[in-house]
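Try each task before you read its solution.

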Amino acid sequence: MSSESSKKRKPKVIRTDGAPAEGKRGKGDTDQDVRYYSEESEVDLRDPIKDYELYRETCQELQRLMAEIQELKSRGIKENASEIDERRVQSCVHFMTLKKLNRLAHIRLKKGRDQTHEAKQKVDAYHLQLQNLLYEVMHLQKEITKCLEFKSKHEEIELVSLEEFYKEAPPEISRPAITLTEPHQQTLARLDWELEQRKRLAEKYKECLTSKEKILKEIEVKKEYLSSLQPRLNSIMQASLPVQEYLFMPFDQAHKQYETARHLPPPLYVLFVQASAYGQACDKKLVVAIEGSVEEAKALYKPPEDSQAVLPPQKRRRPTLGVQLDDKRKEMLKRHPLSVTLDLKCKDDNVLHLTFHYLMNLNVMTVKAKVTTAMEMTTAISAGDLLSPDSLLNCLYPGDHGRKTPNPANQFQFDKVGILTLSDYVTELGHPYVWVQKLGGLHFPKDQPQHTVAADNSLSASHMELTVKLLRSRLQSRLALHKQFASLEHGVVPVSSECQQLFPTKIVSRLVKWTAIPYEDYAELPYTKDVIEAGLAEDTHLYYMALIERGTAKLQAAVVLNPGYSTLPPVFSLCLNWKGERNSSNDDNIRAMESEVNVYYKELWGPKPGYQLLTNQLQRLCMVLDVYLETEPHDPSVEGPKEFPQEKMCLRLVRGPLRLKPFKFNYPQGFFSHR
Amino acid sequence: TTPGAPRARNQKRKRNRKRRHRPVAAATIATWRCRRRRAECGGRGSCCTSRCWRRARPRAGGSWRPPTTSGRSPSSAHNGPVYSLASTERLLLSGSDGEIRAWSWAELGRKGCRELWTRRPPCRSSLEVPEINGLEVNQRDHWVALAGGDGAVRVLDLESGAFTHELRGHQDLVHVVALREQLPQVLSGGEDGTVRLWDLRTGAQVQLIEVHKYQECSRPQLGKWIRCLATESDWMVCGGGPALTLWHLRSGTPTTVFGLAQPQHHALFHQDLVLSGGVGPALHLLQLSGDVRGKVPVTPAALRSLCLHPRSPEHQVLTVAGNSPKIDVFTNLGYRAFSLSFT
């Protein structure tokens, strides 16, 4: 019975002693907590090993008893009943011992577990503490690093350098005694100084802002004042008109001209502006004016509203093709109604009138020239071409003959209406020289046509001075030539007093004829081939023939005059008819004579503008012809004295392998020598 | 064989100084450098070198590779015109107004080339400085004979630089000198119409030929001046105002008169021919018997100077120059091969 109860109650740990074992069943679970086993106190006192021995003995006893019981029971139940009971009682006692031992073991175990548990608890607590501490350490380290990395805002402020700081800051801020030693104090001091400076500057900034506002306001006020001035000035001008007229100061006239100028097309406008500016600044003798009808100019820009006239209701005949083409041509070559005139006055009161027109559809400018002389000039026959308006301005710049339109795009326009070249129309339209385009600021690139070429002020300005100078010198040279030709036709070579020293006092050869010849005649002469081959004679040049005679000797000189006289010298080709025809190809001395006038022309320019070059050259020709004829060796086969006795003083008659004659005149000694 | 260092001479050509500033002068003198063929042309105070031909191996037909025909590096050689040129192996000599200058062939083409030396023959008056009309170099003994405008023939020793002889006798300027090969003798022809033979050992005049006094060749209407002179062994050809004549020197008599109407300016002996050029655009090939073998047209209107390359038997090259800015080159004496011109 007790073994069954012990088996039932095995899971319950807390037990008391075996004595109140029967009471266990009756008590129930409620008393379990209060129950106290005596073994709990005994367990500390008893030795576990001895208990183990006891247990083994008890088990052995039990086994022995059971075996005896067994044996007795097998012999028969009657005899041994008391022995069996006895043994039964003994085994019950042994069972009690076993129970006690079991209890002891359980309690021992429980105690052991409790101890372990306690220890474990302690260890856990320590572990937890350790973790906490480690965690805290880490946290603190992080904090420390954060603190160390902390950048204070003050480092972002740019401070003045140390030297400057010590120089500029007042001593109560900089406190050099302390700050030099302690960096923290130094930084603080610097920050202080920085703050103070910034405060000061902020104040200044505010002040400046206010003053700026004030000034702006003042400007506004003055602007209003000025704008109110304009109508008053107008009224004053109106009032001053009669005074202007009285005093001959045509400011108003200039003003009117500027008004008209606004209607000019851009190239003419550029020309007008640049020319008036140049005239006012540098050249008082240049007068600019605008001619033409302003209403027509204004009408150009108005859309043709009512201009489509009411067509006659009868049958309309279409104009013939030729007339149509003619109309188209006229349309293409139309000129702008306004034109600019430039009057260049020279020192001797001769005036060159230039009229500039603008061809609207072709975008080129043309010029017409006219000369009015101060006094009536006797026109020499040969001088007919000199001042003709057609050729007066030819080749002002080299190669600028004005026969072709300078705008390459015009060629396409011409093809459409069947115009071959602009040169057919130059008599009425004027010449489209390149310098005219440049004065109007039109710059055409050489080869490719550009669609829009706008008038450019700077181009015009850069060419104005040079062109005006060239125009003046061209006019003056032509006039000078005009006068000289008049004299040459009478057989007199005019030599001014400054140039007398270039020639001896007595020259016997005389100029008998001076005529102008056409280019074709010049080209046919046999002795001018070299000049033509060298490209020095073109059809834009002027050609003349001079005849110099002495006795039976006749010297023909063909002259080609470049339009750029006298910067570009005229070229002479000589042919001497005296005992045979001699020219440069068969006589070295004729060649030397040609070189005297063609190559050494710089000596013959004379005083500054050099317009006397031609006459000096002619005079020199007479002189060298004299020398040539007089130094000819006497031919003993011919009877009689020499036709030309030697009167010129020469050092040597023949020099050099070419056997040249002495053509160079030496002043003041008056003898001839070789070059 | 042709005597000495041959040279050709041209006339200066007048050119108008255009804006484009083309060179004023055309060639005056062309000379060959003995070994390397370079034509050197002198002009009015300037010397231009036209590029030499490399000695290309001639192809089967014996034709030359055409050289660059441009003149190169004109530099101002003298202050006055260059009247005469002569050449040695190393040097180019140029004669001008009263001075003779030497240039090194090696440096001639380069920029800034300066002359090696200058010699001025003594002149009597400062008013008129005599020009040097002709130069002839004796290659073997290294001296050069100068034909002076004051009528004196001088000899300049190239090694010492001193004027060793001054031969006076001409009444007027001396136009041309010629050297005899075997003997140390110099022939000179001048404006006074005489040809004189000088012996350099004694320094005296050995023979005098007054050309204009001989009826066969004198042409008084043209003058008596002797402009061209050439000599070979015992023979001499001279001309100018008088007609071009072949003389026998020892006897001093004219043997053949060549019938050329115009005065001749330069004559050369070549193999068995006499080449001459003068007024008229033609080069005359004359046989010693007096027949005109050929008359070759040339570019210049008048010839001044002929120049044969001195020693090349297989390649015949002749250059002529005259009143023209072009120099004609002949590889075959029958026709003009091409012309050199200045750029």
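**Exercise 1: a ring cluster**

A:Phe485, A:Trp514 and A:Tyr544 are joined into a cluster by ring pairs, where rings of Phe, Tyr and Trp (its six-membered ring) pair if their centres lie within 6.5 Å. This is a predicted model, with local features needing pLDDT of at least 70 and side-chain atom pairs counting only at pLDDT 80 or more, while totals for chains, interfaces and linings use all residues. Residues are numbered from 1 along each chain as its sequence is written, chains are lettered from A in the order in which they are written, and side-chain values use heavy atoms, without hydrogens and water.

Task: work out how the rings of A:Phe485 and A:Tyr544 are arranged.

Solution. Start with the centres, which are 4.9 Å apart. Next, take the planes: they make an angle of 70°, and planes over 60 degrees apart count as edge-to-face, under 30 as stacked and the rest as tilted. So the pair of A:Phe485 and A:Tyr544 is edge-to-face.

Now place the two: A:Phe485 sits in helix α18 (residues 457-489) of chain A and A:Tyr544 in strand β6 (residues 542-550) of chain A, so the pair ties together parts 59 residues apart in sequence. Helices (H or I, at least four residues) and strands (E, at least two) are DSSP runs, numbered from the N terminus.

**Exercise 2: another pair**

Task: classify the pair of A:Phe665 and A:Phe672.

Solution. First, the centres are 5.4 Å apart. Then, with 55° between the planes, the pair is tilted.
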